[in-house]
Structures are given as C-alpha cells and as structure tokens.
Amino acid sequence: MTKIYFICGFIGSGKTSYSQELAERLGAFRFSIDEWMIPLFGEHMERDVFDSRLATLQDLFKDSAIQLLHLKVPVIFDFGFWRKADREAVIEWASSVGFDSEVHYLDAPFATCKARSLVRNLDSNGKSYHMTPEMLELFWSWFEAPTADENVVWVQGRL
C-alpha cells in the first residue's frame, strides 16, 4: 500500500536532505513547507499571519497528497511536526483518508541544529528562513521531541 511519510525534527536537523534522499529512493513526491512559504509569502511575518498561511498550504498539500496517493505515488511531508499533538493529528488524518503513514524523527542535538542553521544562513538560496541565535533558542523551547511511547522511526547518525 502507498504510504505517507511525515518528517519530524528541529530546524537544522537534516529534514530536507533526508526527505530528498527518501523521495529519490521511494519515487515519492515531497512537500516542503519552507520551499513553498518563502517564494509565496516572503521571509518573515507576524506569527498569526504565518500560522494562517501555513494552515492554508498544509490543507492544499493534504488535498494534493490524496490525489497522488490514489495514483500510487508515495508522499513525504517535510514540515517538522514539532508538537506531539501535530504528529498525532497527521497520523489520524492519514488513517481517516485510508492510507498508512510513518513519522521519521531526525534526532539531532540543539548545538548541531544551531550550528547548521547559522551556516545555512550564509547561503539559504531562498529555500530556508534566516535564523538568529535568539530565534533558535525560542523555537527550541517550543519543540517537543518524540518520546518512546510514540511510534516513530528514529533517524540518527545524520550529524
């Protein structure tokens, strides 16, 4: 059965590289939220505007994913899924539309994520948001790493 893959991890954990490799290996279509948000809406915006635009894109991606899955094309959502509630919601959604899913968690320590993000700032190519150390610290405080009771594929060794 065709499957949906949800890629979870913090900024700089390697989600995009991993999802690109996975897409190549599986012949999957990959939806990367940053690669759509930045060209459509620009770099930074107020939080409520960001959340609204993010929700709109996620709904469009879900509708497109269903079409692809019916064509037997695996789908990858490179969104981050920072909160446990978000991971639970997408797993429930996948099940409700009749498709199996997996959450792949890129487990990387904050120091690694921060270093990668700051280096990426130098050449983001308009495909990732510019991050300051203060932003990374704040966002890390919001990040909920999966716990042992969650059914996730742990991806390590991407450091």
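Arg30 sits in strand β2, residues 29-32; strands here are DSSP runs of E, at least two residues, and helices are runs of H or I, at least four, numbered from the N terminus.

Quick note before moving on: this is a predicted model, where local features need pLDDT of at least 70, side-chain atom pairs count only at pLDDT 80 or more, and totals for chains, interfaces and linings use all residues. Residues are numbered from 1 along each chain as its sequence is written, and side-chain values use heavy atoms, with hydrogens and water left out.

Next, select helix α3, residues 47-70. Which of its residues are buried (under 20% relative accessible area, 1.4 Å probe, protein chains only)? They are Phe50, Leu54, Leu57, Phe61, Ala65, Leu68 and Leu69. These pack against β1, β2, α2, β3 and α4. Just past α3, click Lys72, which has a positive phi of about 70°.

Now for the rings. Rings of Phe, Tyr and Trp (its six-membered ring) pair if their centres lie within 6.5 Å; planes under 30 degrees apart are stacked, over 60 edge-to-face, the rest tilted. That rule gives 21 aromatic pairs. Select Phe10 and Trp140: their centres are 4.9 Å apart and their planes at 85°, so they're edge-to-face. Phe10 is in the loop between β1 and α1, and Trp140 in helix α6, so this pair ties together parts 130 residues apart in sequence.

Last stop: select the cluster that ring pairs make of Phe6, Phe29, Phe31, Trp36, Phe61, Phe77, Phe79, Phe81 and Trp93.

Key: The expected span of a helix is 1.5 Å times one less than its number of residues. Buried means under 20% relative accessible area, exposed over 50%, partly exposed in between (1.4 Å probe, protein chains only). Contact means heavy atoms within 4.5 Å.
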